[in-house]
Amino acid sequence: MEIAVLIKHVPSTESAVDIADGGVAVKTDGMTWVMNPYDEMAVEEALKIRTAAGGSVTVFTLGPEKSVEALRTALAMGADTAVRIDPEGKSLDSLGVARVLAGELKKGAFDLVIAGHRAVDDDAFQVGPAVAEFMGIPHISMVIAEEIADGRIRCTRTVEGGTLVLESPLPALITTQRGLNEPRYASLPGIMKAKKKPIDTRLVSTTGTDPGEPIVRVIGLHLPPVRKPGQMVDGDSAAAKAASLVRALREDARVI
Amino acid sequence: MAQGVLAFTETIDGVLKQISFEAVSTAKQIAEKIGGNVSAAILGTDGEKMAPQAAEYGADRVLVAQSPHLDENHIDACIDAAAQLINKTDPAVVVIGATARGKDIAARLSARLNAPLVMDAVAVDAADNGAITVTRPVYGGKLLADVQVSGTPAIIAIRPRALKAISAQAAGEVEMVAVDISESPVTLVAKHMDTGKIELTEADVVVTGGRGMGSGDYTVVETLAAVLGGAVGASRSAVDEGWRPVSDQVGQTGKVVSPNLYIACGVSGAIQHLAGMASSRVVVAVNTDPEAPIFSKCDFGIVGDLFEVVPAITAEVEKIKG
């Protein structure tokens with residue numbers, strides 16, 4: 001089983017996010033950068049499948065030099081090879097990223113592509129399905145369980161209010177959802193070994209895929225409206241506090 | 001030239017979901033600025049029955065895509081049908097709900113049509129000259145991004161409950177459109193729906209239990225949610241403890257909720273959790289720790305033991321509701 005995993009290097013969810021001068025980007029200094037949490041699940045699932053079915057796991061990222069750290073983490077977890085596509089300072093939108101990744105994936109012979117269902121920075125939910133579309137293969141999103149047999153993958157995916165069990169022939173692309181697995185921590189020997197593994201670095205301009213001009217652009221970032229300081233509800237007993245609260249919710253806020 | 005706005009509806013077991021009306025209303029507001037008609041699309045042969053409802057929210061025309069392979073559980077079929085309706089009607093803007101299924105459809109459509117996509121829109125502002133600025137949360141809601149797109153159709157996937165459904169009766173002329181759907185490689189094996197459970201992202205009221213619950217016994221939270229007609233949520237730590245399923249998690253790596261009333265019980269208020277509940281209209285927090293960060297992000301706070309306070313709130317609500 002040849003498996004490709006798409007990963008992104010993102011600010012950790014613990015990070016507070018500030019707007020940089022110019023108003024269209026975030027301040028990146030001082031942030032902790034990690035592999036996108038949903039992509040960690042993708043790497044973990046790929047490693048599990050490799051254990052069961054053999055084959056290899058190749059991780060791909062499209063990002064600047066710094067994003068090599070996410071690839072190292074994936075290698076330390078146990079991935080076999082890592083590819084970084086350098087955007088050469090060019091700004092790509094989600095479709096551009098998906099086009100380039102799909103182009104590189106088509107050069108291999110992957111049975112399965114796994115991606116996070118979204119990256120926790122842009123929250124675009126777009127690259128995974130778009131890569132599948134550009135590759136001309138089926139996809140199943142937000143997978144919380146999978147099983148592979150006889151060239152087919154059977155997945156449980158989440159939808160509002162429940163789950164669907166879907167089956168697709170391989171090759172296919174799936175995206176991960178929380179609940180699929182608990183990603184392993186990289187072992188110290190794994191980390192040491194990962195440092196020595198080569199990274200296959202490719203330049204976007206030499207991939208043979210034109211990412212296209214961005215057709216979606218951020219013109220401004222702002223903070224969400226700040227909630228006015230709240231009021232503490234006092235009272236002599238739990239019952240008294242509850243009575244004041246419910247009165248306020250009913251008469252002032254009008255939500256009950 | 002591309003003109004007008006096409007709104008995709010979403011069905012579940014033969015009825016239109018609320019997000020459908022939010023999509024049609026958003027389409028109408030955009031069309032009022034950029035001109036052209038409002039069309040609503042219903043995917044599935046049953047659509048004819050549902051067409052009058054779409055008209056109530058401002059659809060001048062209702063396109064019903066017909067094919068035996070078409071229903072909400074076959075996403076590929078929905079994508080094929082949607083692409084054909086777009087090619088046929090050439091809209092300037094497409095509006096679709098950013099639901100689990102809607103996100104899939106929107107993302108693949110965008111790639112297939114080379115059309116710009118704005119995911120999870122929470123506000124749409126169309127200028128008289130036709131320029132559209134869409135606002136969407138990024139970094140799990142810690143920031144909002146104003147986005148502009150080039151090219152048509154502009155696909156705007158709207159976050160459930162973020163934009164209002166407003167009644168506005170229109171003609172709703174029904175047009176049955178035969179679509180050519182090839183059999184999907186992805187087949188449905190089984191469907192498991194939680195009967196009677198209110199979906200967090202669609203709920204009017206959400207009552208969340210955090211680490212302060214101390215165990216998987218969520219009875220006090222469930223009882224309050226039930227009297228308010230709301231859904232039960234959980235913090236990440238409660239999910240990590242195995243007290244609640246991951247589908248109940250509210251936060252940056254869980255669900256983003258936008259209820260009218262959010263009641264956080266025993267939730268300290270980690271930054272990721274605050275991001276997931278930030279778009280709630282009114283927030284109530286109950287916690288024993290007066291220093292808990294949640295108290296700086298709530299409208300009403302009660303310092304106290306949730307096992308005393310929450311049942312007392314339930315009793316008060318029951319008094320009103322009689």
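A polar contact here is a pair of N or O atoms within 3.5 Å; within protein, one atom must be able to donate a hydrogen and the other to accept it, and residues adjacent in sequence count only if both atoms are side-chain atoms. Across the interface of chain A and chain B, 46 residue pairs are in polar contact, both at pLDDT 80 or more.

This is a predicted model, in which local features need pLDDT of at least 70, side-chain atom pairs count only at pLDDT 80 or more, and totals for chains, interfaces and linings use all residues. Residues are numbered from 1 along each chain as its sequence is written, chains are lettered from A in the order in which they are written, and side-chain values use heavy atoms, with hydrogens and water left out.

Start by selecting helix α6 (residues 238-251) of chain A: with 10 residues, this helix gives the most to the side of chain A that touches chain B (helices are DSSP runs of H or I, at least four residues, and strands runs of E, at least two, numbered from the N terminus).

Next, show both chains: 82 residues of chain A are in contact (heavy atoms within 4.5 Å) with 84 residues of chain B.

Now select Glu133(A) and Arg108(B), which form a salt bridge whose closest N and O atoms are 2.7 Å apart. Between chain A and chain B there are 5 salt bridges (a side-chain nitrogen of Lys or Arg within 4 Å of a carboxyl oxygen of Asp or Glu).

Finish with strand β9 (residues 162-169) of chain A and strand β13 (residues 187-193) of chain B, which run antiparallel and are joined by 6 bridges (two strands pair if DSSP finds at least two bridges between them). Pick Gly162(A), and you will find its bridge partner in β13(B) at Met193(B).
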